[in-house]
Amino acid sequence: MQKITADMLIEKAVSLLEAGTISRVLGWKKGEFDYDVTPYVFADAESLKKDFVFDDFCGANFSKYLVAETRKAEGKVLVFLKPCDTYSFNQLLTEHRFDREAVYAVGIPCEGMADINKIKEITGDGISSLTSKGDKIVVDTIYDGEKEVDFASVLAERCVSCKSKKHVAYDELMGDEGDITDSARFDEVAQLEAMTEDERFAFWQSQLSKCIRCNACRDICPACTCEKCVFENPESPVENKAISDSFEEKMFHIIRAFHVAGRCTDCGECSRVCPQNIPLHLLNRKFIKDINSFYGEYQAGAEVGSRAPLVDYTTEDIEPGEAVMKGEGENA
Amino acid sequence: MQVNGEYKPLIVAFCCNWCSYAGADLAGNNRLAYPENVKIIKVPCSCRVNPMFILRAFQRGADGVIICGCHPGDCHYTSGNYYTRRRMSLLFSMLNFLGIEKERTRVEWVSAAEGAKFAATMNEFTEAVAALGENKRLEDLRCKR
Ligand code: SF4
Ligand code: SF4
Ligand code: FES
């Protein structure tokens, strides 16, 4: 359960609106169900009081929404940022994707977000309401009544391996500042590296063939803000899902992950939105792990203006042949 | 690639205009033999090679892809090949992570004076790819007739 409540955030937003510091609020709006919270721009106190929510299902990272929203109207946009969101925020600033002056950022603490799919695995479908109570979530279902799940057991993957509870950007901070955490986020990547080529191929084939090419992973990604995309070119053979063939899947996923390599902050949004539950974070983390091992530790978004590893070099860099061996793991 | 029912590895070699392409030329002038199924694509600099080019080459039937550029420090555009080196290190490591045989991709620095190295590299690479058999993992059935 979150330490900070929706009421506290509403109060903050309303006072900033009244003081004229901001003109609108980017926040989470109640959805049809308790778990499908929707990003929304609130313009006044009434709508905030009516629809603004903040709970264990507010995973959405708003940084990318700022790119479009800051261009729409005069005045500052208030945005609430969880610690991991602030990395994306900085990365977008580094890439000059929005005007810092057009934003008022409030850092908020986060206790980790719940993954509705994990809850459904335990309770089954037909969830009519979700209520957080301490370290439990009470789930009401239409088929067999009320059930309780442990919050810790339904924590989203990216929150289980959270890299930081520390905000790296804000104008104002609510609650206490956390620390950069020691996460085991590369463990799964290392397990795959330790497999044989054939096993890895089989693993990825089974994962990527589930992809329906909805492009949600691309659309949500805060590192991915081009206004024209190669995957929209009807002349390319990878504009849509190709049913006959698996090449399109691999092309899409390799290019998607590669073009954010060195800029991906590991925010985990891509895996969160994937309707097919493809572990996209493993592709991103492979790049991050390789970058750390080849060129030294680098965390995208940790500071504004840092130079991404792929637009940088040293004359002593590792050769591709050796890199591939090293990338296969100290395990190999 | 199948030619008359027989497997012949098709190699696509991206060669930079200033060093490696001239190296290939020199190999020719010196009558140094390298397999005829090495198809050279001339690029202004090794860093012109976008990851998409490599995937497209595999898609269209290549069994191996090699990128050749000037030696580090000698790039005609000063630093192009340093970027190539980083990009290809990460890309090839990713391809291997996806289970694509690491012997199918390579980067080699070949200067304009190294005709012999060019021929030897191509012979060796073609042999390595021949041993792997046809590229199945990055093929596109739509491109095969
Ligand atoms: S690739 Fe995924 S984890 Fe990385 S920045 Fe984009 S959405 Fe976040
Ligand atoms: S979100 Fe999932 S299903 Fe949709 S394109 Fe991305 S990987 Fe494929
Ligand atoms: S010109 Fe040869 S690698 Fe840049």
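Visitor: Which residue in E4(B) does Phe14(B) stand opposite?

Guide: Happy to start there, and please keep in mind that this is a predicted model. Strand E3 (residues 11-16) of chain B pairs with E4(B) in the parallel sense, over six bridges. In E4(B), the residue opposite Phe14(B) is Ile41(B).

Visitor: Which strands stand at the edges of the four-stranded open sheet in chain B?

Guide: The strand order in this sheet is E4-E3-E5-E6 (chain B), and the pairing is parallel. An edge strand here pairs on one side only. The edges are strand E4 (38-43) and strand E6 (105-109) of chain B.

Visitor: What is the average twist from one strand to the next in that sheet?

Guide: The sheet is the open one of four strands, E4-E3-E5-E6 in chain B. From each strand to the next, its twist averages 20°.

Visitor: Over to chain A: why do E5 and E7 each have one side without a neighbour in the sheet?

Guide: Three strands make an open antiparallel sheet in the order E5-E6-E7 (chain A). E5 and strand E7 (145-150) of chain A stand at its edges, so each has a single partner strand.

Visitor: Which residue in the turn of the E5(A)-E6(A) hairpin has a positive phi?

Guide: Strand E5 (residues 127-133) and strand E6 (residues 136-141) of chain A pair in the antiparallel sense over six bridges. Within this pairing, Ser132(A) stands opposite Ile137(A), and Ile127(A) stands opposite Thr141(A). Two residues lie between the strands of the hairpin, and the one with a positive phi, about 60°, is Gly134(A).

Visitor: How far apart are the C-alpha centres of domain 2 and domain 3 of chain A?

Guide: Chain A is divided into domain 1 (6-112 + 162-173), domain 2 (117-148) and domain 3 (187-326). For domain 2 and domain 3 of chain A, the distance between the C-alpha centres is 34 Å.

Visitor: How many charged residues are in the lining of the largest cavity?

Guide: Sorted by class, the lining of the largest cavity has seven nonpolar and four polar residues. The charged residues there number seven.

Visitor: Which helix gives the largest share of the lining of the largest pocket?

Guide: The largest pocket has about 860 Å³ of space. It is lined by 31 residues, and Asp115(A), Asn117(A), Ser271(A), Arg272(A) and Val273(A) are the closest to its centre. Helix H5 (116-123), H6 and helix H11 (269-273) of chain A each supply at least two lining residues. The largest share, five residues, comes from H5(A).

Visitor: Which element of chain B gives two or more residues to the lining of the second largest pocket?

Guide: About 400 Å³ of space lies in the second largest pocket. Of its 19 lining residues, Cys226(A), Lys228(A), Cys229(A), Val230(A) and His259(A) are the closest to the centre. H9 and H10 of chain A give two or more residues to the lining, and they are joined by helix H2 (51-59) of chain B.

Visitor: Which helices give two or more residues to the shell around ligand 2?

Guide: Ligand 2 has 14 residues around it, and Cys211(A), Cys214(A), Asn215(A), Cys217(A) and Cys274(A) come nearest. The elements giving two or more of the shell residues are helix H9 (216-220) and helix H10 (247-259) of chain A.

Visitor: Last stop: how many charged residues are in the shell around ligand 1?

Guide: The residues around ligand 1 include Cys221(A), Cys264(A), Cys267(A) and Cys270(A), as well as Arg256(A), Asp266(A) and Glu269(A). By class, the shell has six nonpolar and three polar residues, and the charged ones number three.

Terms used:
Residues are numbered from 1 along each chain as its sequence is written. Chains are lettered from A and ligands numbered from 1 in the order in which they are written. This is a predicted model: local features need pLDDT of at least 70, side-chain atom pairs count only at pLDDT 80 or more; totals for chains, interfaces and linings use all residues. Side-chain values use heavy atoms; hydrogens and water are left out. Ala, Val, Leu, Ile, Met, Phe, Trp, Tyr, Cys and Pro count as nonpolar, Asp, Glu, Lys and Arg as charged, and the others, Gly among them, as polar. A residue is near a molecule or strand if one of its heavy atoms lies within 4 Å of it. Two strands pair if DSSP finds at least two bridges between them. Domain bounds come from an automatic or database domain assignment. On a 1 Å grid over the protein atoms alone, a cavity is a set of points where a 1.4 Å probe fits but cannot get out, and a pocket is an open set with protein on both sides within 12 Å along at least five of seven lines; lining residues have an atom within 4 Å of a point. Grid points are joined across faces, edges and corners, and a volume is the space filled by probe spheres set on the points. Axes are lines fitted to C-alpha atoms, for helices over the stretch in contact, and angles run from 0 to 180 degrees between N-to-C directions.
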